[in-house]
Amino acid sequence: MEQRQRVRHRDEAVELIECYLQRHDLAPHGKLPGERELCEMWGLNRTTLRTAIRRLIEMGRLYSLKGSGTYVAPPKLERNLQDAKSTTESVRGAGHKLRTRVLETQIVEASTYVAEKLRIDPGKKVFYMRRLRIMDGVPYMIETNYVNLELCPRLPDYDFGDESLYRVLNYHSVYPSQGQEFVGITYATESEAKHLQILEGGPLFFLTGVTEDYNGVPVEYFKSVARPDKVRFSSVLRKRKVNPERRKTE
């Protein structure tokens, strides 16, 4: 009973902060009043307020600077699950700055699993690449790509710290245009936590899928991990249209 009461108080405090942000139209990086002022304003104890603030930081709504205060976080990157845009297109198209650090590239033989995804024979050469994506100065995603090297043998010649993978493929008349993507939850390994500047074991989105060209030929198998405080996923729901005349007869 006591635990439920604490959660209720925290949830109420979260709602009070959310309402304050909306009512005062605080822009990203806008500063909230100090803890003492907020506690007096709402009649909260400091423990409840701090718990609510931590919750909003975990949700990506706020961020805190030690010795400075609590601020409104910039909006998360919104990724539409129904488009086939590259990461570069998605991030820069949303008005964010993107930098890329290549962690590893090499030509490898396709494992049975990768070969099945790319619909090639096991042992065929594929281009393997792992990159750290940095949005607005903050590392937020690690991407791993396996590309059928036969489609674009010159991939190893490019610097993918500067170039977009999809743009390079387009240079060579390979056009990723469709595919499947799956989103799940995983937890940061020691290496992932170090690169993404989060705690080891922290929750991450896990994305995996295959992109194909216009003819349905697999181009790339990918898997990525992303910080949930920096990105969110959306989809458009459409109800199947029903002929009004048919409805009358049913």
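β5 and strand β6 (residues 138-148) are paired antiparallel through 10 bridges; strands here are DSSP runs (E, at least two residues), numbered from the N terminus, and two of them pair if DSSP finds at least two bridges between them. One of the bridge partners across this pair is Thr144 in β6, which goes with Arg130. The two strands make a hairpin with two residues between them, and Asp136 in that turn has a positive phi of about 55°.

This is a predicted model, in which local features need pLDDT of at least 70 and side-chain atom pairs count only at pLDDT 80 or more, while totals for chains, interfaces and linings use all residues. Residues are numbered from 1 along each chain as its sequence is written, and side-chain values use heavy atoms, leaving out hydrogens and water.

On its other pairing, β5 is joined to β4 by 11 bridges, again antiparallel. Arg101 stands opposite Leu132 of β5. Strand β5 (residues 125-135) has 10 of its 11 residues buried, so it is largely enclosed by the rest of the structure. Buried means under 20% relative accessible area with a 1.4 Å probe, protein chains only. For the protein, 38% of the 250 residues count as buried.

Now the whole sheet. It is open, with six strands in the order β4-β5-β6-β9-β8-β7 and antiparallel pairing. β4 (98-109) and β7 (178-187) are the edge strands, each pairing on one side only.

Notes. Buried < 20%, exposed > 50% of the residue type's maximum accessible area, 1.4 Å probe, protein only. Helix = DSSP H or I, 4+ residues; strand = E, 2+ residues; numbered from the N terminus.
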